[in-house]
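Visitor: I am new to this structure and would like a close look at a single part of it. Please show it first.

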Amino acid sequence: MGAPWSTTNRTDPALSGDGRLLASLIDTDGRSQVLLQDQPSGQQRPLRHLRGQRNVQSPSLSWSGRYLAALVLQGDQRRVVVEDRLSGHLLQLPLPAGLQPERLSLSPDARRLAVQVRRDGQWQVQLFALEALLEPDLAGGLRVGDGGASIR
């Protein structure tokens with residue numbers, strides 16, 4: 001039998017903005033795990049905090065794949081986390097009491113995060129500003145300057 005990432009039982013694909021990385025979920029024993037791979041080679045990329053984490057949902061990647069956002073089950077609660085693959089840090093975003101996260105989407109520059117939440121049977125979308133928490137992940141050739149992003 002092949003490695004777990006060779007299985008065809010994969011769901012929830014997310015590509016980095018530059019198309020070089022693919023995050024997807026694989027089912028192992030009824031629990032989902034995130035898999036990060038180079039494209040097109042398929043070579044697995046390491047994850048420090050999310051590696052081996054079970055019951056992961058809704059992966060989302062920034063432009064270069066520096067940041068991987070996902071929902072993880074801790075105890076009986078889903079948590080919103082963002083792994084910085086460059087620094088190795090894990091950011092956990094607190095949600096107001098009573099909100100249950102269901103899906104998320106990280107902006108390509110990692111400046112914003114949208115989280116679909118459920119409260120009392122109602123669906124809402126919470127937006128998080130991440131500028132003060134994460135360095136921007138800009139497309140190649142762009143930099144942050146006096147007038148915003150500019151081409152080098």
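Visitor: Which side chain does the side chain of Arg66 join in a polar contact, and at how many Å?

Guide: The side chain of Arg66 makes a polar contact of 3.3 Å with that of Glu135. A polar contact is a pair of N or O atoms within 3.5 Å; within protein, one must be able to donate a hydrogen and the other to accept it, and residues adjacent in sequence count only if both atoms are side-chain atoms.

This is a predicted model, in which local features need pLDDT of at least 70 and side-chain atom pairs count only at pLDDT 80 or more, while totals for chains, interfaces and linings use all residues. Residues are numbered from 1 along each chain as its sequence is written, and side-chain values use heavy atoms, with hydrogens and water left out.

Arg66 sits in the loop between strand S4 (56-61) and strand S5 (67-74). Strands are DSSP runs of E with at least two residues, numbered from the N terminus. Arg66 counts as buried because its relative accessibility is 14%; buried means under 20% relative accessible area, exposed over 50%, and partly exposed in between, with a 1.4 Å probe and protein chains only. Beyond neighbours within four places in sequence, Arg66 is in contact (heavy atoms within 4.5 Å) with Glu83, Asp84, Arg85, Leu86, Glu135 and Asp137.

Charge pairing is the next topic. Side chains of opposite charge can pair when their charged atoms come close. A salt bridge here is a side-chain nitrogen of Lys or Arg within 4 Å of a carboxyl oxygen of Asp or Glu, and the whole structure has 8 of them. One of them joins Glu131 and Arg112 at 2.6 Å, N to O. Glu131 lies in the loop between S10 and strand S11 (142-145) and Arg112 in strand S9, so this pair ties together parts 19 residues apart in sequence. Glu131 is partly exposed at 41%, and Arg112 is partly exposed at 40%. As for Arg66, salt bridges with shared partners join this residue with Asp84 and Glu135 in one network.

Strand S9, which holds Arg112, belongs to an open sheet of 3 strands in the order S8-S9-S10, with antiparallel pairing. Two strands pair if DSSP finds at least two bridges between them. The edges are S8 (100-106) and S10 (122-129), each pairing on one side only. Between S9 (residues 112-119) and S10 there are 8 bridges, and Ala114 stands opposite Leu127 in S10.

How values were computed
Helix = DSSP H or I, 4+ residues; strand = E, 2+ residues; numbered from the N terminus.
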